[in-house]
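The structure is shown below.

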Amino acid sequence: MEKLESAKKGGRELVWVRAYKGDAMTFLAFNLHENVLENFVGFSIHIKANKVNGKYKLDYYLLNRLTFKQEILDKNGIDKYEKSSSEYSPFQKFNWVHVPSTDHNISNPYFGDYTYSVTPRYLVNGILQPIDPSMTVELTIDVHPFDMNGIKLGFARAFVSSQAYVRRFGMNNQMRPAGEDLIFDIQDPSGTVKVWDKNLKKMVDENYSYEDQHKYLGWQARERVMEFLDVVLNAPSADKMTLEVFAYDLNEPIIAEKLLELSEKGKLKIILDNEGSHGDPNGYEGQFEKLFNQKTTGSSAIKRGKFRALSHSKVMIQKENGKAVKVLTGSTNFSTNGLYINANHIIIFDNPEVAELYSNVFADSFGQELMNKFSTTSWAIDDFVFKTEDMTIHFSPHKKEV
């Protein structure tokens, strides 16, 4: 989905803004007529959203970390508390990605209709010129997580090396406490960062938890995985809904906890890799197997094994009344690195035919003997074409000649 709007002055179109709807974010692209480029220094972006009783709860300029030199700020009377606003420090590029938030709190996003007002700004003799409403382009677009035609997407933020991450969490890139414990309390404090207190007018220390880091960095990928697990957890019985899982890396503490809860309810079958360090009984996967065997009831079962070599399996299959209904896959390992460090994605197919295909592959991989001969089966050799999604699915490992 995209929208294009423009602003006219003197009967001529001078400013264009195009908005592209993405997964829980908007890509904004700008253009200017060559006649209005003189003294141009960037774009101010204002947003309005969440209208209630005729008033907008969200009504502010987006922030920009790139500001004018201090002499320009001083000349325009822009103080240090205002300089990050794009009203005073316009974005010096022709595009911007807006990720929804509430009062600049990106861990608390508001989804819905956003109205963007984009205005080119000009600096004449060191003075920032006032916003010209006749040059402002306004457009409204719906901002939500991607969910279309039975397909959901979710992307991890992968911002651990960004300025935005450092501003929130400092130089702390540890996603779990020291030690080798699989499960830990994500609400435990992880670190402290200096933040500006607008009431006290000074920098103060603010503590944050592992959960704060995980929610920020995992973004929509984390949301999709947790939602997928919770659907099965909250189903009334194992007869109603169960889960099948292929897993390679498995050390994300909440995912591990939810899977163990499913095993205790008789709702989980899992194939868990044992290649290399994964086979260490004291490693994360070894700890999970031990806890699984302590808690498991009913039809829950675990198989440890590997295919020909390293196989990055990360698949979850929801089954309802014994029939596969949805499948979660993508590039994201169920680990703290997979969700919070690396640039990964989740894709969910709400399609029983696709889910059944994955479930059949799961059944014919459930045990080391089956995994050993998997590359000779039709699952590893054939193409699986789904015309409605315009996609072809392949499964590995393949025979070398395939």
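## Overall make-up

What percentage of the 402 residues of the protein chain count as buried? The share is 47%. The model is a predicted one.

The chain's secondary structure consists of nine helices and 21 strands. Along the principal axes, its C-alpha atoms fill a box of roughly 75 × 50 × 45 Å. The accessible surface is about 20,300 Å², and carbon and sulfur atoms make up 47% of that area. Among contacts with a separation of 6 or more, 65% are between residues 24 or more positions apart.

## An eight-stranded open sheet

Eight strands are arranged as an open sheet with mixed pairing, in the order β10-β11-β19-β18-β17-β14-β15-β16. Strands β10 (147–148) and β16 (301–305) are at the edges; each has a single partner strand, so one side of each lacks a neighbour in the sheet.

Strands of a sheet pair through backbone hydrogen bonds, in a parallel or an antiparallel sense. Strand β18 (residues 323–330) and strand β19 (residues 345–349) run antiparallel and are joined by four bridges. Here Gly330 lies opposite Ile346 of β19.

## Strand β14 and its two partners

Which strands are joined to β14 by bridges? One is β17 (residues 314–320), which runs antiparallel to β14 and is linked to it by seven bridges. The other is β15 (residues 268–273), which runs parallel to β14, with five bridges between them.

Strand β14 (residues 241–247) is mostly covered, with six of its seven residues buried.

## The largest nonpolar core

The largest nonpolar core has 48 residues, and those touching the most other members are Leu243, Val245, Ile255, Leu259, Ile270, Phe288 and Met316. Helix α3 (residues 210–233) is the biggest contributor to this core, giving 10 residues.

Beyond its neighbours within four places in sequence, Leu243 is in contact with a set of residues including Phe228, Leu229, Val232, Leu259, Leu262 and Met316. Lys267, Lys269 and Gln318 are also among the contacts of Leu243.

Tyr20 belongs to strand β2 (residues 12–21). Its relative accessibility is 32%, so Tyr20 counts as partly exposed.

How values were computed:
Residues are numbered from 1 along each chain as its sequence is written. This is a predicted model: local features need pLDDT of at least 70, side-chain atom pairs count only at pLDDT 80 or more; totals for chains, interfaces and linings use all residues. Side-chain values use heavy atoms; hydrogens and water are left out. Helices (H or I, at least four residues) and strands (E, at least two) are DSSP runs, numbered from the N terminus. Buried means under 20% relative accessible area, exposed over 50%, partly exposed in between (1.4 Å probe, protein chains only). A nonpolar core is a set of buried Ala, Val, Leu, Ile, Met, Phe, Trp, Tyr and Cys residues joined through side-chain atoms within 4.5 Å. Contact means heavy atoms within 4.5 Å. Two strands pair if DSSP finds at least two bridges between them. Accessible areas come from the Shrake-Rupley method with a 1.4 Å probe; for residues, only the protein chains shown count as cover.
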